[in-house]
Amino acid sequence: MNLSLLFGALVLGLLTGGVYGVMASGLALTFGVMRIINVGHAALVITGAFISYEVFRHLHLDPFAGLVITMPLMFLIGVVLEVLFIRPLKTDREELSVLVTWALALALEGVLGYFFGTDLVQTTVSYGNSTFVVGGVHIADVYIYGFLLAIAAMAALAALLYRTNLGAAIRATMLNRQAAQLIGIDVERVSAISFGIGAALAGVGGTVYGIVNAFNPDSHYDLIGHLLVIVVLGGVGSMRGAFLAALLIICIQDITQVMISPDWADLSFFVVLTIMLVVRPQGFFGVRVREAT
Amino acid sequence: MSGDTLLHVQNLSKRFGGVVAVNDCSLTVRKGTITGLIGPNGSGKTTVFNMITGFVRPDDGAIRFNDDTIAGRTPGAIYRMGIGRTFQMARVFTRLTALENLLVPVRRTGVSGFLRGFRGVGQAERARDMLNQLGIGHMAEEPVGRLSYGQRRLVELGTVMMVNPKLVLLDEPAAGVHPRVVDGLARYIRSLNETGVSFLVVEHDLNFVMDICHDLVVLDRGRHIAQGPPAEVRAQQSVIDAYLGD
Amino acid sequence: MTGSRPGWAKLRGCVVALAFCLAFPTLFPGSGVLNIALLTLMYVALASSWNILGGFAGYISLGVSAFFGIGAYSMGLILEHLIHMSGGYGPFALVPLAGLIAAVVAIPLGWVALRTRHAVFATATIAIMFVFQLLATNLSGITGGSAGLGYPVPTWTGDFYDKPFYYAMLVVAVVGVIIAWMVRRSGVGLGLLAIRDDEDKAEAIGVPTWSYKLVAFVLSAFVAGMVGAVYGYYTTYIYPQFVIDPLISIGAALMAFLGGSGTLVGPVLGALILEPAQLELGFHVNGQIYLILYGAVFLFVILLMPRGIVPSVGALIDSRRARRRGAPLAAPPPTQQPPTAEAVAR
């Protein structure tokens, strides 16, 4: 076994895993607060990618700097979507949310395709091609920036959640929605804001994704499978679980890709999922709850 | 009314995070009796129920039903052993009719269920009788979602009784129910008791409890502080203090 | 809400509908129409079988596409490697086998996936779909990968081509609806409905929730597999991304919801309305607008008519009938009726 190759793959996995972690934690946040699985989260990621791409193209702003535009815009989109399409769901919310968010994903894909076309694009920054080598594995510089951005985003999220009143309200709603309502928290508003934050995080991930990958509106299909598995692995509703699970599973995927073959790398994802569902269905940080009033 | 112990709870404890809900609680239910479980708010009554019926795992202690250990078993297993239960907020299947609710526990299963449908021979009649006894026979074909809260309570009770349990745990049966219906409920419970069903009843309505219970257990802050016939218990100083104190 | 009307009217309705379906190809010859009818029947089968788990028990599964694909690939692979049949009526005999294969594959998958609750379960079924798409693409030695897999070409051609496939799909659709009907009236069906309303309580009163959900999952896969096999033979060449397409599951779910999930007629109605509409739309608008409209219709149905057509219409009829009779609606009266004195004072 080529140890240096393994190490290189590990580094690659950690760096890209961080970015997936940011995306996945947005998904976990949404589930934790609203108890819905947003199957359209990947579509939001791609939307973020397109926004940062356009900002880069037309305003000539580096995509990382362009986040000052991308993030608020994504937040707004998230809030609007939540208010229009998710808030009206009163009954059977958990079941129907899968279908509603999938419909949103399809509609988003259509809208993006309508405005931006279906050709593959990529946010090609000038430094996009410089790489460094670890253990025989070529890693783009951008991955490091992306990872640092991911850490910054997670730190900001943690600060928001644990040091602000809004964050306290969000955490209370995640723990017990009804109890939060009883103590005067406007859970509807918290839900909309959380969804917006999730979308903003998706936008952050999308920005990096768009630099590193060629993408088009169709790309959300591949991505959503990965994101969902990561969230399930981490335990739905747990953001730190999602982040850690992302690191773990992307590492496994990259190691498989480098050491075995790229074709089976994708499959490794689902092998890990299966093992998890058999051994511990609630994920790393999830909790099994039996409802007894 | 015999003196054999049907349910024996010993040194039961449970904490949720930093909160001690139940603290070294013990109680017994004698066969053929109606035992009341009372205490101020937050004294842990529903948690004790949840542990007896398998919804919550005890941290410590033992629960024996007819000499079988039931602590830690699943709700379904405990149900099959002959313990039925109602919930604080009446839980029913809202999209099914009242009749169908009662048929769920006695539906025809297996291959014959597939071939001949879920209504077992005679079960539909039994269910209708039960609904009539409860006074809601005319609602048999109504989706329970359309019934009032008190009627749902009755459906819930009927569903539990369809399998002839030996012990029924009632969690605040009178809560949110019209006073006239409460009387009928008390009489129904007593009549069932006369056929040999034992009850453990959590209730805040002390009149209801004094009316039908042979035995009372008082809990305060997760701990039992008295067990005995109602007249005795209500005179105990510790009980008075618990309700009136701090 | 079982509908305790006498069964005769319903039986008559079914017979009439069936007769119409049998006569359809002669009434409306012309392969364009038959193609639409065939695809509609395909979704009648898919929506009805999806409904067994998704509608009755409320467990949204998006794995239908996977089992559809498994059925299509099983049939194709058997015909290619195991039983060499020339195109003709012979391959139709293999359709139930394809369904059985899909059902058998569903057992371990459901075994694991059903240990979770709603949202995670939906995710697991999405994962199942992606996995099989990957397998179909990557195991190119067996499945031909993205180059696709060929079926023997049928010996009939021209205008007549669609007819045998139409009847095959009709048989599968009828089987699917019958299976859904049998489940609905069985103990399993009652249990599934209870699970939908309150799963913990159902489990607490002795409903073996996991087993029942698994039965529903496997039966659903069985029908989907058969549908896939007929479809595969019909198109004579299958590709992983078209045969294991998320839109298949989504379409089936949407149709069940539109018509009324949890009922028997609902999915059939939903398929009859949506599939022809979808096909027509596909002809006239380009890909992007199609997606937007599809998503929009979906959102419209779920947000505004979450119970679907059949229950909503049923409720409307019920309230009209009650009003005409002058009887009070079953809504709670201000005073409750106490248990009758003599009954309780026994």
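Predicted model: local features only at pLDDT ≥ 70, side-chain atom pairs only at ≥ 80, totals over all residues.
**View 1. Ser186(C) sits in the loop between helix H7 (162-185) and helix H8 (187-197) of chain C.** Ser186(C) is buried, because its relative accessible area is 1%, and buried stands for under 20%. Look for the side chain of Ser186(C): one of its polar atoms lies 2.8 Å from the backbone oxygen of Val183(C). The side chain of Ser186(C) also reaches the backbone nitrogen of Val188(C), at 3.2 Å.

**View 2. Ser186(C) meets residues of chain B.** Here we stay with the serine but turn to its contacts. Setting aside neighbours within four places in sequence, Ser186(C) is in contact with Gly113(B), Phe114(B), Gly117(B) and Phe118(B).

**View 3. Four strands of chain B form an open sheet.** Follow the strands in the order E2-E1-E4-E5 (chain B), and you will find that the pairing is antiparallel. Strand E2 (19-30) and strand E5 (68-69) of chain B stand at the edges; each has a single partner strand, so one side of each is left without a neighbour in the sheet. As a reminder, strands of a sheet pair through backbone hydrogen bonds, either parallel or antiparallel.

**View 4. Strand E1 (residues 5-16) of chain B pairs with strand E4 (residues 60-65) of chain B.** This antiparallel pairing runs over five bridges. A handy place to look is Ser13(B), which stands opposite Asp60(B) in E4(B). Now find helix H1 (residues 45-52) of chain B, which lies across E1, E2 and E4 of chain B. Helix H1 of chain B runs at about 115° to E1(B).

**View 5. Gly198(A) lies in helix H8 (residues 187-212) of chain A.** Gly198(A) is buried, because its relative accessible area is 1%, and buried stands for under 20%. Leaving out residues up to four places away in sequence, Gly198(A) touches Gly26(A), Leu29(A) and His41(A). Phe75(A) is 123 residues from Gly198(A) along the chain, yet their C-alpha atoms are separated by 7.7 Å.

View 6. Chain A averages a pLDDT of 87, and 97% of the residues score at least 70.

How values were computed:
Residues numbered from 1 in each chain as written. Chains lettered and ligands numbered in written order. Heavy atoms only, no water. Helix = DSSP H or I, 4+ residues; strand = E, 2+ residues; numbered from the N terminus. Buried < 20%, exposed > 50% of the residue type's maximum accessible area, 1.4 Å probe, protein only. Contact = heavy atoms within 4.5 Å. Polar contact = N/O pair within 3.5 Å; in protein donor to acceptor, adjacent residues only side chain to side chain. pLDDT = per-residue confidence, 0-100. Pairing = 2+ DSSP bridges. Axes fitted to C-alpha atoms, helices over the stretch in contact; angles between N-to-C directions.
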